[in-house]
Amino acid sequence: MSDKQPNSNVSVILQNSRLEKIQSLVLEELEAKRDISRDQPFSWSLKHVISCSQICKLLAAARGLDSEIAGIAGAIHDLAIIRTGRFEKHGPVGAPMVAEFLQNYNIEFGNECGNISQEQIDKIVQATQNHTYKTEFTENEFDELIKDADSLDRFLHGKETYDFYYTRSEKALTDIGLRIKDII
Ligand SMILES: [Fe+2]
């Protein structure tokens, strides 16, 4: 018998209570707006909130950025689509919504789950604002992370992938040690 049995005494829990709370709050908002007309299916938003958030965490770890803050941005960057159902200009439309959402989160849940600093809020709001512009490549690592993770999530869900989404998906996969051909 192998002596490499899993160690059943090991239990590791990631410290991401802020992220978990925010994911839940975003999903509650989505559920409350289940019946509005949408440019994209409700089911896509439901999947994308969580899977984009998880990809953001992984990619942030690979790039040496803050994993939990990236995960929060991944969960919340499409807040305008969740609330209005409209895709057009959802980054700029969503940025002030995200700022308000995170400030309200701090007031209601900051003590229980951990506050998000103003600097972190600013980062998430800016990434939300800019993630729509995926053909633009900037020096801002956090903005680029959200664009890349957003693109990779679309690709992994089998959504239509334009050149610039493909380029970003390829880069994100490379940074986590994979290649497109590993997964298609
Ligand atoms: Fe997105």
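Biologist: What are the axes and angles of packed helices here?

Modeller: Axes are lines fitted to C-alpha atoms, for helices over the stretch in contact, and angles run from 0 to 180 degrees between N-to-C directions. Helices are DSSP runs of H or I with at least four residues, numbered from the N terminus. This is a predicted model, in which local features need pLDDT of at least 70 and side-chain atom pairs count only at pLDDT 80 or more, while totals for chains, interfaces and linings use all residues. Residues are numbered from 1 along each chain as its sequence is written.

Biologist: Why are H1 and H2 called roughly antiparallel?

Modeller: Helix H1 (residues 17-32) and helix H2 (residues 42-63) pack at an angle of about 170°, with axes 10 Å apart. Angles under 35 degrees count as roughly parallel, over 145 as roughly antiparallel, 65 to 115 as roughly perpendicular and the rest as oblique. H1 and H2 are therefore roughly antiparallel. On the H1 side, the contact is made by Gln23, Val26, Leu27 and Leu30; two residues are in contact if their C-beta atoms, placed from the backbone, lie within 7 Å.

Biologist: What makes H2 oblique to H7?

Modeller: H2 and H7 pack at an angle of about 130°, with their axes 9 Å apart. This makes H2 oblique to H7. Residues in the contact include Cys56 of H2 and Ala149 of H7. By class, the contact has 9 nonpolar, 2 polar and 5 charged residues, where Ala, Val, Leu, Ile, Met, Phe, Trp, Tyr, Cys and Pro count as nonpolar, Asp, Glu, Lys and Arg as charged, and the others, Gly among them, as polar.

Biologist: Why is Ile36 called exposed?

Modeller: A residue is buried if 20 or more other C-beta atoms lie within 10 Å of its own, exposed if 12 or fewer, and partly exposed in between. Ile36 has 12 other C-beta atoms within 10 Å, so Ile36 is exposed. Ile36 is found in the loop between H1 and H2.

Biologist: How do you know that H3 is mostly covered?

Modeller: In helix H3 (residues 67-76), 9 of the 10 residues are buried. Among them are Ile69, Ala73 and Ile76. What covers the buried residues includes H1, H2 and H7.

Biologist: Which residues touch the most other members of the largest nonpolar core?

Modeller: Of its 38 residues, these are Cys56, Ala73, Ile76, Ile124 and Ala149. A nonpolar core is a set of buried Ala, Val, Leu, Ile, Met, Phe, Trp, Tyr and Cys residues joined through C-beta atoms within 7 Å.

Terms used
Helices (H or I, at least four residues) and strands (E, at least two) are DSSP runs, numbered from the N terminus.
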